[in-house]
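Keep the sequence and the 3D view side by side as you read. Let us walk through them step by step.

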Amino acid sequence: MTQKTLEKTLFERIGGEEAVSAAVDIFYRKVLADETLAPFFETTDMVEQHKKQKAFLTFAFGGPNNYSGKDMREAHKGLVDRGMNETHFNSVAGHLQDTLSELNVPSQVAGEVMAIAGSTKSDVLNQ
Ligand code: HEM
């Protein structure tokens, strides 16, 4: 058996599909309650957005790949044109961090999640 098969993925360690689903629900509640972020989602179909974000994070955390949405650069290009910047990115990251602590995700696992989120920054900001 290789080392890889012995190690659990971040997706498994965080609690699988149910945990990701719960986190995405709480996360978007916080994002939409933030008046600096809500305007960007005014025309967004939030049911679809939940599904896409769950699929994206599942894949990003090493779970099954069912993500068929846009890549991060393409998905956020129009938003950058509308003024989305690093301050907004940091607020979104803060809501993700708060979501993980509310769900009592252990700090080491939360750290891994935040590192993955942070790694999308230059793409999300189209830098
Ligand atoms: C941790 C960084 C982020 C990740 C992983 C992420 C992930 C995603 C994903 C998976 C989608 C769906 C793409 C598609 O439509 O195919 C999306 C769309 C979207 N994201 Fe992000 N995002 C991030 C940061 C942000 C930030 C900082 C904002 C700022 C407001 C934002 C606002 C939006 C909006 C408004 C849409 C929907 C656009 C539409 O209505 O079509 N995202 N994002």
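**From the ligand outward**

By class, the shell around the ligand holds 11 nonpolar, eight polar and two charged residues. Here Ala, Val, Leu, Ile, Met, Phe, Trp, Tyr, Cys and Pro count as nonpolar; Asp, Glu, Lys and Arg count as charged; the others, Gly among them, count as polar. The model is predicted: local features need pLDDT of at least 70, side-chain atom pairs count only at pLDDT 80 or more, and totals for chains, interfaces and linings use all residues. Residues are numbered from 1 along each chain as its sequence is written.

How many residues surround the ligand? There are 21, and the closest are T44, F56, G69, K70 and A75. A residue is near a molecule or strand if its C-beta atom, placed from the backbone, lies within 6 Å of it. Which helices supply at least two residues of this shell? They are helix 4 (46-60), helix 5 (72-81) and helix 6 (86-102). Helix 4 gives the most, with four residues.

Now step back to the protein chain. Its secondary structure comes to eight helices and zero strands. These are DSSP runs, numbered from the N terminus: helices are H or I with at least four residues, strands are E with at least two. Along the sequence, the pattern reads α-α-α-α-α-α-α-α. The C-alpha atoms fill a box of roughly 50 × 30 × 25 Å, taken along the principal axes.

Buried residues make up 17% of the 127 residues in the protein chain. A residue is buried if 20 or more other C-beta atoms lie within 10 Å of its own, exposed if 12 or fewer, and partly exposed in between; the C-beta atoms are placed from the backbone. Next, look at contacts. Two residues are in contact if their C-beta atoms, placed from the backbone, lie within 7 Å. Among contacts between residues at least 6 apart in sequence, 72% join residues at least 24 apart.

Turn to helix 6. It has 17 residues and reaches 24 Å from its first C-alpha to its last, close to the 24 Å expected at 1.5 Å a residue. The expected span is 1.5 Å times one less than the number of residues. Its buried residues are H88, V92, L96, T99 and L100. They cover an arc of only 120° around the axis, which puts them on the same side of helix 6. The arc is that of the directions from the helix axis to the C-beta atoms. An α-helix has 3.6 residues a turn, so residues three or four places apart point the same way. On the other side of helix 6, E86, T87, N90 and S101 are exposed. Helix 3 (16-33) and helix 7 (107-119) are among what covers its buried residues.

Helix 3 is next. It has 18 residues and reaches 26 Å from its first C-alpha to its last, close to the 26 Å expected. V20, A23, V24, F27 and V31 are its buried residues. Their arc is only 105°, which puts them on the same side of helix 3. They pack against helix 2 (10-14), helix 4 and helix 6. The face turned away from this buried side carries the exposed residues E18, R29 and A33.

Go back to the end of helix 6. N104 lies in the loop between helix 6 and helix 7. Is N104 buried or exposed? It counts as exposed, because it has 8 C-beta neighbours inside 10 Å. Its phi is near 55°, a positive value in a residue other than glycine. Most residues other than glycine have a negative phi.

A110 sits in helix 7. Leaving out residues up to four places away in sequence, A110 touches Q97, L100, S101 and V105. With 18 C-beta neighbours inside 10 Å, A110 counts as partly exposed.

Finish with N126, in the segment after helix 8 (121-124). N126 is not a glycine, yet has a positive phi of about 50°. What does N126 contact, leaving aside its neighbours within four places in sequence? The partners are R73, H76, K77 and V80. N126 and H76 are 50 residues apart along the chain, but their C-alpha atoms are separated by 7.4 Å. N126 counts as partly exposed, with 15 C-beta neighbours inside 10 Å.
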